[in-house]
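Here's a quick tour for anyone opening this structure for the first time. Have a look at it, and then we'll walk through a few of its parts.

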Amino acid sequence: MSLTGLVAALIADDGTTDWPRRVPDRLETVLSAMPTAARAGIRAAARAVDAYALARTGRTLAGLTAHERQSVLAGLAARPALLPLLDLLKVPVLLSAGTERMLHEGPTRSVLTRRDPPLDLTPASAWPARSTADAVIVGSGAGGAVAARALARAGLDVVVLEEGSHHSTESFGRRAPLDRFTELYRDGGATFAVGTPPLLLPVGRAVGGTTLVNSGTCYRTPDHVLSRWSRHFGWTAADDFDRHLDEAERILRVATQPLDVLGANGRIALAGAHALGWRAAPLRRNAPGCQGSCQCVTGCPTGAKQSVQLSVLPEACAAGARIVTEARVERVLVDPDRPGGPRAAGVRVRRERGGSFDILAPLVVVAAGALQTPQLLRRSGLGGHPRLGHNLSVHPATSVAGRFAEPVKAWQGVLQSVGVEEHHGVGILIEATATPPGMGSFVLPGAGDELRRELEGADRLATLGAMIADSPAGRVLGRHRTVIRYDLDRRDAGRLLRAVLAMGELLFAAGAEEVLTGIPRTPRVRSVTELRDVLAGTSARQLHLSAYHPTGTAAAGANPQRFPVDPQGRLRGVHGVVVADASVLPSCPQVNPQLTVMAAAMAITETGARLPRQRGLPR
């Protein structure tokens, strides 16, 4: 179906400017990258709006005048039960509209600061049908890259398998952020968890994994979290964790973000926190020489952000590791008749364009991420542990925005710039976060003329995001398709509402004229008192929620009945299979987890993944 009428209605295209006319084509591109279920849901919602217009006027949206479309949207907005329908449609439309408006005004220019270091890359289409290695690593993100570096430096013949493609920094600078967005994320960024409420859960799919598209924020694992993992779960990797965190910081060149590129969004967060006497500071990031291009989530176009394809994987390749791209691992091969029990024998890999190949190896390191690792193990006949796929934490998150009298242009500066830790003791971490137009988790209020005014006035908005340290409340189901179930714990729902209040307080303290709440029935408030009153009658289901940093689905610990993986990262029930990604974290790490995942992978490759140099068939 054509989406032209729907787009024209939502963003009030009156024909006076050119950029809105290009939004429907951009939207079709966005939808084509989404999984079938998400695409079908959005198209079904669009048909429902068209059916409403037809019943009300006798014509579909495409046949109405701008005034008539506005009347139809007003009728929809007056029916609270239909507001979620509009919100569902606004997300991809705002992605597309924000991009076209940005291109209309002139793209932001970024200067490439350095060339990408060399990687040993081979597409799956060129890999032989049968080969051998000492170790195969499934996944090239934070955990897989660190494991590859450690094992290659120990003298092993290492092959890294990545389902996605390789993207160079230079290629990022040639294309609009949204064009990169749909390629760098699994399911075009539309991975979601079903449950109460549904949550968008974007994860990367490329060489470098999610480190390619994260914010660059680098928090060390809090001491109380490590103590709990060691004391309550018997997670021995925590015992020498500071050493591994130090090494991860060194590799990534982590440092406090300088003030000169912080941007107005970050400075507003600091000013509000100072006025309230709250603890806040520029974040520590892995981005030396950051130019404040605010495009971290679609691949840094300058090369400043040291995601693992620029930092860890080059060192792995220099030590002899090889990376195979566009290679989906179908199963871990197992020799069931080995003395002492079943042992890993390698992997079977499907090429993106058809066909498969085998790599024989006595060690398989699974680092496919918390959403994909359980599926791979199940496909391999290794998913027998009853807790595999359970224990999912996702850092549920919400955002608010403050409108200021003077322009903010939040997208000019560091994407995630300031951390506000005043409420971290109760599991709430606030971060000043801005994105390229339309790409944030915050959804502008209204539809039609109202939404168009919000788009035109977005340069005066400062945005904050808060994530909460959640109780493990989710599961990853299935073997071949990602099916995620997550039901927000009641205590976590209360913390999300408390986070909205705290962000509102901070923005008003910084001088905001009004705060956009993200609550459809009350999208704007003009005082902290009004915000308190609104939240008193609001449930977390009414917030715009998203989620990040999935962990825990193949948790490591001492109790064999409770944990699928032992404290050294070894999968129980089979020799030679090690898990070295966010799956092994026993509970929510309470901070952005890249350093935690890298340190865990270092600890695991020092213990559970050690084996002598072995030779098999010729390469």
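## A pocket to start with

Before we get to numbers, a word on terms: a pocket here is an open set of grid points where a 1.4 Å probe fits, with protein on both sides within 12 Å along at least five of seven lines. Its volume is the space filled by probe spheres set on those points. Keep in mind that what you're looking at is a predicted model.

With that in hand, the second largest pocket holds about 690 Å³ of space. Its lining is made up of 28 residues, and Ala 33, Pro 35, Arg 186, Asp 187 and Gly 188 are the ones that lie nearest the centre. Sorted by class, the lining has eleven polar, nine nonpolar and eight charged residues.

## Strand β20 and its partners

Let's follow one of those elements. Strand β20 covers residues 483–486, and it pairs with β5 (residues 192–194) in the parallel sense over two bridges. In that pairing, Ala 193 stands opposite Ile 484. β20 also pairs with β19 (residues 474–477), this time in the antiparallel sense and over four bridges. Here Arg 475 stands opposite Arg 485. The hairpin of β19 and β20 has five residues between the strands, and Gly 478 takes a positive phi near 90 degrees in it.

## The six-stranded sheet

Elsewhere on our tour there's an open sheet of six strands, in the order β1-β10-β4-β3-β14-β24, with parallel pairing. At its edges stand β1 (121–123) and β24 (577–579); each has a single partner strand, so one side of each is left without a neighbour in the sheet. Neighbouring strands of this sheet are turned by 20 degrees against each other on average, direction ignored.

Who partners β24? That's β14 (residues 363–366), paired in the parallel sense over three bridges. Val 366 has Val 579 of β24 as its bridge partner. Helix α6 (residues 142–153) packs on the sheet, touching β3 (135–138), β4 (158–161) and β14. The direction of α6 makes about 165 degrees with that of β3.

Key:
Residues numbered from 1 in each chain as written. Predicted model: local features only at pLDDT ≥ 70, side-chain atom pairs only at ≥ 80, totals over all residues. Heavy atoms only, no water. Pairing = 2+ DSSP bridges. Axes fitted to C-alpha atoms, helices over the stretch in contact; angles between N-to-C directions. Contact = heavy atoms within 4.5 Å. Buried < 20%, exposed > 50% of the residue type's maximum accessible area, 1.4 Å probe, protein only. 1 Å grid on protein atoms, 1.4 Å probe; cavity = no way out; pocket = protein on both sides within 12 Å on 5 of 7 lines; lining within 4 Å. Nonpolar A, V, L, I, M, F, W, Y, C, P; charged D, E, K, R; others polar.
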